Amino acid sequence: MKPTDELVAEIVGLRPKEGQPFDPPAELGFHCPLCRYSLMHDGEYDPRLGWSKYNGFLWCSVCERHYPATLCMPDIERALKIYLASVKEAVERSGRSSDRASKVAKALPRRRLLRRW
Ligand SMILES: [Zn+2]
């Protein structure tokens, strides 16, 4: 795992196994931001882009890297919507993490108190 992958996992989390989009990213208009290729080959979509294990990211099997989906969207209006949806989800996820962290923090003094008794 690359250091950036650890940061990605921390910020956006892992994509849930259920709810995985059925259509491959290329079919939805996504394109690797680094590779130069035609989206279609003999009537078939290029298969290099797949759904990443991280929320809001795509995986390029040629680059062997995870990219934010917004960087993979050539249509700037759709890219903006994807960016905003990704940030919103990350902020909401962060709030859930804070709730979990504060529950753990609240539980800690009680445990310490119980140990003293
Ligand atoms: Zn690529």
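Guide: First, a definition: two strands pair if DSSP finds at least two bridges between them. Helices (H or I, at least four residues) and strands (E, at least two) are DSSP runs, numbered from the N terminus. This is a predicted model; local features need pLDDT of at least 70, side-chain atom pairs count only at pLDDT 80 or more, and totals for chains, interfaces and linings use all residues. Residues are numbered from 1 along each chain as its sequence is written.

Visitor: What makes strand 4 and strand 5 a pair?

Guide: Four bridges join them, and the definition asks for at least two, so they pair. The two strands run antiparallel. Leucine 58 has tyrosine 67 in strand 5 as its bridge partner.

Visitor: Why is glutamate 64 called exposed?

Guide: A residue is buried if 20 or more other C-beta atoms lie within 10 Å of its own, exposed if 12 or fewer, and partly exposed in between; C-beta atoms are placed from the backbone. Glutamate 64 has 8, so it is exposed.

Visitor: How do you know whether aspartate 42 is buried or exposed?

Guide: Count again. Aspartate 42 has 4 C-beta neighbours inside 10 Å, so it counts as exposed. Aspartate 42 lies in the loop between strand 1 (40-41) and strand 2 (44-45). Its phi is also positive, about 50°.
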